[in-house]
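Hi,

Here's the structure I said I'd pass on.

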Amino acid sequence: MDPVFSPPLHRQRHQFVIDFVKRNKPRKVVDLGCGECSLLQKLKFHREIELLVGVDIDGAKVKKKMHGLGPMSTDYLQPTYDQLRVELYQGSVTQKDGRLRGFDLVTGIELIEHLTLADLEHFSEVVFGYMNPVAVIISTPNSEFNPLFSGLTGFRHIDHKFEWTRAEFHSWALKVCLEYGYDVEFTGVGKAPPGQQERVGFCSQIGVFHRLGGRNCCNLLFDDDAEDVFSYKLLYSINYPSLRDNNILRRVLVCEVLYWAEKLKRRCTEEKTGETLFQTEGGAEECVSWSERYMEVEKQKTAACGAEINSSVEQCGRRVSEDQGGEKEELFRRNSQGQQESSCKPNRCVSVPLAVLWSSCPKISALSGSLTNLRRLLMDNPEVQLSQDSSAVLVQEQELEEESHDLEDSGYAEASQCSYSAEEERENWEASD
C-alpha cells in the first residue's frame, strides 16, 4: 500500500518554509523555480517580508497565476505600515542576475533534480557564490523512499535528471558548504510508515544552509565590485499600499476624520446637548456652544444628573476621560468662513475641534502621531474644511430629512471598519490550494 501523506506532501514542503520564515523573519525572499507561484501565494501574508521574488524558466506558467499575488481589497481598505513589493522574473537559475543579490532567504523546492549535473554546478555557483544569501532551503526527492511507492519504476517525474540517496545529497551539500562558506542542517518532510523511518528516511529530504557569520558577515568570495548583470526578464511587479506612502496615509486619515467628525456632529444633534436655539431681541435665533449649554444645564440639574452629563462619552470604541469632556464641549456652530455665528443662516457648520478628534479616536491619533501633525496633514486637503485658525473641522449642517439617512452611506464606515480580515483571505487561498 502506497504511503498516504497528510497534509499532502507539497503542503508539508511549503509549511516547512513558512515555519522558517516565522522563526527567522527574513525581509527579502526569493523562490527559485516558483512555477505557478503557490508558495509565494502563502508567503505574501507574512508581512515581515518586504521584497518577495519568484523566478522560473517557464514564463507562461508564471503568468498563469501571477496576478493572484497582487493586493486584495483589504490591503487597500486597511493599509498598514508594512511594506511589500512583489517581483516575478523569467530566467534560468544557472544564470546570474544582479537584482537577486543580497537576499535573506533563497528557496529551491523540488528544483535541483530538474537540472543536469553540469547545470547543478552553475546553480551552486550562482546561488551560494554570487547571490550569497543569508539562508538557503533546498528540498529534493529521497530515492531511498521510492520502493515504498508500488509500481514506480525509474524517477518520480519524467523531467527529473537524477534522484539522490541521503548520502549523495549530504555529499553535495557539504561540498557546497566547504566551497562557499556555509553550514547545513539536514531534515525532511513526508514520514515513512511506522518502523521504516530510520531505514528509508523522509520522502523529501531538505537541506537548510546558513551563511557563516549570518546577516552581519558577507562571504569573502562574494565580490562587491563585480559588475552586475541583468539576464532575467521582469514579468510582473507591484507595490502593496502602505501607510509609509504619504498619499495613502493622508487618504486613510481624511476618511477617519470625516467619519468621526460626522459622527460627533450627529451625536451632538441627537442627544440635544450640542446646541440650543434662543430668541434674541431682534427675533433671530442664536446658537450657543456646548460649554454654555452645559453651564446652564448644571444650574438646573441635580448633582447626580450633572455628574452624569460630565461623565465620559464613548468615542471610537472607548470612553473619553473627564478631561477630554471639556474639549468636547467646545463644539460651535460656525459659518463656512470659520466665523462663529450669532444668528441662524442656511449654510451653517458644526465645528469639531481637532483636539477632540485626536484624543477621542485612537486610530486618528495613531495615524497622525501628534495634534500638530494632524493639523498639517489635513491642511490644503480639498475634502476637509478647517476653521480659519485650522483648529477645528467644519461639518456642514444638513437638513432634518437628510439626517435621517444612515451615516454608513458615506462609505467611511466600510473603509474603517471592514470585517473581512487578511487572515480570512489567507485561509481562503490555502483552502483553494
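I'll start with the pocket lining: α1 (9–24), α2 and β2 each put at least two residues into the lining of the largest pocket. The largest share comes from α1, with three residues. Keep in mind that this is a predicted model.

As for the pocket itself, the space in the largest one comes to about 890 Å³. It is lined by 33 residues, and those closest to the centre are G33, D56, I109, E110 and H114.

β1 (residues 28–32) is largely enclosed by the rest of the structure, because four of its five residues are buried, that is, under 20% relative accessible area.

What does β1 pair with? One partner is β2 (residues 51–56), which runs parallel to β1 and is joined to it by five bridges. To get from β1 to β2, the chain passes through helix α2 (residues 38–43), and this β-α-β crossover is right-handed. Another partner is β4 (residues 105–109), also parallel to β1, with three bridges between the two.

Cheers

Notes. Residues numbered from 1 in each chain as written. Predicted model: local features only at pLDDT ≥ 70, side-chain atom pairs only at ≥ 80, totals over all residues. Heavy atoms only, no water. Buried < 20%, exposed > 50% of the residue type's maximum accessible area, 1.4 Å probe, protein only. Pairing = 2+ DSSP bridges. Right-handed = clockwise from strand over helix to strand, strands pointing away. 1 Å grid on protein atoms, 1.4 Å probe; cavity = no way out; pocket = protein on both sides within 12 Å on 5 of 7 lines; lining within 4 Å. Points joined across faces, edges and corners; volume = space filled by probe spheres on them.
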